[in-house]
Amino acid sequence: MEPFITACNVFYQYESPSGPVSALKGIDLSIYSGEHVAIIGPNGSGKSTLLKLFNALLEPTGGEVRVGGRDTSDPQNTWEIRQECGMVFQNPDNQIVATTVEEDVAFGLENLSFPAPEIKKRVNEVLQAMDLDHWAHHAPHLLSGGQKQRVAIAGVIAMRPRCLLLDEATSLLDRRGKAEVIDTALKLNRLDNITLVNVTHFLEEAALADRVIVLYNGEIAIDAPAQQVLSRGTWLKERGLDLPPAASLANRLREGGIPLSFPIITMEQLVDSICSWKQMA
Ligand SMILES: Nc1ncnc2c1ncn2[C@@H]1O[C@H](COP(=O)(O)OP(=O)(O)O)[C@@H](O)[C@H]1O
Ligand SMILES: [Mg+2]
């Protein structure tokens, strides 16, 4: 199978008043259709830069990024790539552009000059599918943070993309908002086969992915199944990435010789795993 996104020896350099900043240094990766990949890494490691390369918001300064086989550096591909790969950012309030939820969801399609009846049809479909239809005529700024992010996701989904890119989209939300957004993204990935790339600094979220890519200092430090990444607690902690408490306790118990199951992210999983180990012992 052809990968959906490929990065081949990718470099990205920002020009700043104090000189050039190398944000990405030789990135090689492939992301396949329908995959759920999490990208983690300390602040400044290059996560947002990498994500922006995936929907042609930035063009690599070295190497090549392809999305659906199309070179992102070719301006003729920009609109198709943006439609295929939609992005949701951190701050819900910066993403609201219209006075009603319905108009907000329609915004991307309007930008792509879709005919009005098609826009109406798609917006209604998406609002229904995402259980947002009762908010259609509400002002988006009255919604909770989680609901606002779901409206932003709906705006992306209305374009019928193949891929959803989340850049710390849950980081400003409360617990409930986080769960709401992640549940929505997971459903789109599992039920509609939408490729999901989630940049997050919550390892609880990263643990839900098929694969976790750890960026460090503009390079890929690890690209492995989630469970393998989570078992490297000390390595992650040394780089400012804290495991969830249950995962960290589980690793210590494993080091002490207790063969606990994978994955353990929540306290509930930890307790379950210890109980079943005790029954076996
Ligand atoms: N617009 C910019 N101008 C100059 N440097 C930037 C700009 N945006 C990001 N950087 C630098 O590029 C590096 C990677 O940034 P970024 O991709 O935002 O990392 P992350 O999302 O992991 O925090 C950092 O050193 C950051 O300071
Ligand atoms: Mg960032």
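## Helix H10 against helix H11

Ala246, Leu249 and Ala250 in H10 meet Met267, Gln269 and Leu270 in H11, where two residues count as in contact if their C-beta atoms, placed from the backbone, lie within 7 Å. By class, this contact of H10 with H11 holds five nonpolar, one polar and no charged residues, with Ala, Val, Leu, Ile, Met, Phe, Trp, Tyr, Cys and Pro counted as nonpolar, Asp, Glu, Lys and Arg as charged, and the others, Gly among them, as polar. The axes of H10 and H11 come within 8 Å and cross at roughly 30 degrees; such axes are lines fitted to C-alpha atoms, for helices over the stretch in contact, and the angles run from 0 to 180 degrees between N-to-C directions. H10 and H11 are therefore roughly parallel to each other, given that angles under 35 degrees count as roughly parallel, over 145 as roughly antiparallel, 65 to 115 as roughly perpendicular and the rest as oblique.

The model is predicted, and local features need pLDDT of at least 70, side-chain atom pairs count only at pLDDT 80 or more, and totals for chains, interfaces and linings use all residues. Residues are numbered from 1 along each chain as its sequence is written, while chains are lettered from A and ligands numbered from 1 in the order in which they are written. Helices (H or I, at least four residues) and strands (E, at least two) are DSSP runs, numbered from the N terminus.

## Helix H5 and its two partners

The axes of H5 and H6 come within 7 Å, crossing at roughly 20 degrees, and that makes H5 roughly parallel to H6. H5 passes H6 in a right-handed crossing; a crossing is left-handed if the near helix is turned anticlockwise from the far one by less than a right angle, and right-handed if clockwise. On the H5 side the contact is made by Gly145, Gly146, Gln149, Arg150, Ile153 and Ile157, and on the H6 side by Arg176, Gly177, Glu180, Val181, Thr184, Ala185 and Leu188. These residues of the contact of H5 with H6 divide into five nonpolar, five polar and three charged.

Helix H3 (residues 101-111) also packs with H5, at an angle of about 40 degrees and with the axes 7 Å apart, and H3 and H5 are therefore oblique to each other. The crossing of H3 and H5 is right-handed, and its contact is made by Val101, Asp104, Val105, Phe107 and Gly108 of H3 together with Val151, Ala154, Gly155 and Val156 of H5. By class, the contact of H3 with H5 has six nonpolar, two polar and one charged residues.

## The shell around ligand 1

Around ligand 1 are Tyr14, Ser16, Val21, Ala23, Gly41, Asn43, Gly44, Ser45, Gly46, Lys47, Ser48 and Thr49, a residue being near a molecule if its C-beta atom, placed from the backbone, lies within 6 Å of it. Strand S1 (5-16), strand S2 (19-31) and helix H1 (47-54) each supply at least two residues of this shell, and H1 gives the most, with three residues. By class, the shell has three nonpolar, eight polar and one charged residues.

H1 itself is mostly covered, seven of its eight residues being buried, namely Lys47, Ser48, Thr49, Leu50, Leu51, Leu53 and Phe54. A residue is buried if 20 or more other C-beta atoms lie within 10 Å of its own, exposed if 12 or fewer, and partly exposed in between, with C-beta atoms placed from the backbone. Just after H1, alanine 56 takes a positive phi of about 60 degrees.

## Cysteine 85

Cysteine 85 is found in strand S6 (residues 85-88) and is buried, with 26 other C-beta atoms within 10 Å. Not counting residues up to four places away in sequence, cysteine 85 touches Phe54, Asn55, Val67, Pro161, Cys163 and Leu165. Cysteine 85 and arginine 160 are 75 residues apart in sequence and 9.3 Å apart in space, C-alpha to C-alpha.

## Backbone exceptions in loops

Most residues other than glycine have a negative phi, and most peptide bonds are trans. The peptide bond from phenylalanine 262 to proline 263 is cis, with omega near -10 degrees, and proline 263 is found in the loop between helix H10 (245-255) and helix H11 (267-280).

Aspartate 131, in the loop between helix H4 (116-129) and helix H5 (145-157), has a positive phi near 60 degrees and is exposed, with 11 other C-beta atoms within 10 Å. Asparagine 193 lies in the loop between helix H6 (175-192) and strand S8 (195-199); its phi is likewise positive, near 60 degrees, and asparagine 193 is exposed, with 11 other C-beta atoms within 10 Å.
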